[in-house]
Every structure is written in C-alpha cells, then in structure tokens.
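Visitor: Could you take me through this protein model, with the cut-offs behind each term?

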Amino acid sequence: MVWTVVRALIFGLVGLIGVPIVTTLLSLALFHLFDPRCGTPGDSGGCEMGAASLGIAAALPGFALGVALAVFQAWRRQRRGQDPGA
C-alpha cells in the first residue's frame with residue numbers, strides 16, 4: 001500500500017511537469033502552423049501567452065492523470081496477483 005502511494009506521487013509529479021511542457025510546445029507549434037497572425041509584429045506575443053496559459057492550465061490535470069495511471073496499474077497488478085506491496 002505504501003509503495004502504491006509513493007508510486008502515485010511519483011507518477012503525479014511526472015505528469016505535473018511533463019504534461020504542461022508537452023501542451024505548451026504542442027500548442028505553440030499548432031498556433032504558428034494554423035494561425036498566420038502568430039509571430040507577426042501586430043500579434044504582440046498573444047499566441048505565446050495563449051500557449052503559456054494552456055501549459056499552466058494543464059498542470060493539475062497532468063498530476064491527476066499521473067496519479068490515475070499509477071492507481072490503475074496497482075489495481076491491475078493486484079487483480080493478477082502480482083502486487084509486491086500486498
């Protein structure tokens with residue numbers, strides 16, 4: 001049980017850091033690909049701020065996804081009878 005909680009926290013922290021990075025980079029790429037105004041002098045960094053906002057907003061869902069993945073893996077391991085922490 002303790003190992004499941006530790007593993008959930010580790011996966012949560014990876015999600016907390018990884019998902020916003022991926023979201024920010026992906027949104028920057030898509031903004032610049034599909035919006036011809038991005039990167040022009042009249043834009044004033046609007047596309048970049050939108051990408052940063054999406055990245056910040058993705059932090060808590062990333063943590064939740066990481067925890068959910070760890071809990072699901074522990075549940076599946078327990079059903080198979082392979083849980084070392086049981």
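This is a predicted model: local features need pLDDT of at least 70, side-chain atom pairs count only at pLDDT 80 or more; totals for chains, interfaces and linings use all residues.

Guide: Residues are numbered from 1 along each chain as its sequence is written, and side-chain values use heavy atoms, with hydrogens and water left out.

Visitor: Which side chains meet in a salt bridge?

Guide: A salt bridge is a side-chain nitrogen of Lys or Arg within 4 Å of a carboxyl oxygen of Asp or Glu, and the structure holds one. Side chains of opposite charge can pair when their charged atoms come close. Here the N to O distance is 3.3 Å, and the side chains are those of Asp35 and Arg37.

Visitor: Is Arg37 buried or exposed?

Guide: Buried means under 20% relative accessible area, exposed over 50%, and partly exposed in between (1.4 Å probe, protein chains only). Because its relative accessibility is 59%, Arg37 counts as exposed.

Visitor: How are α1 and α2 oriented to each other?

Guide: Helices are DSSP runs (H or I, at least four residues) numbered from the N terminus, and α2 covers residues 46–57. The angle at which α1 and α2 pack is about 150 degrees, with their axes 8 Å apart; axes are lines fitted to C-alpha atoms, for helices over the stretch in contact, and angles run from 0 to 180 degrees between N-to-C directions. Since angles over 145 degrees count as roughly antiparallel, under 35 as roughly parallel, 65 to 115 as roughly perpendicular and the rest as oblique, α1 and α2 are therefore roughly antiparallel.

Visitor: Where is Val6 placed?

Guide: Val6 counts as partly exposed, at 34% relative accessibility. The C-alpha atoms of Val6 and Phe72 are separated by 14 Å, and Phe72 is found in helix α3 (residues 59–80). The place of Val6 itself is in helix α1 (residues 2–34).

Key:
Helices (H or I, at least four residues) and strands (E, at least two) are DSSP runs, numbered from the N terminus.
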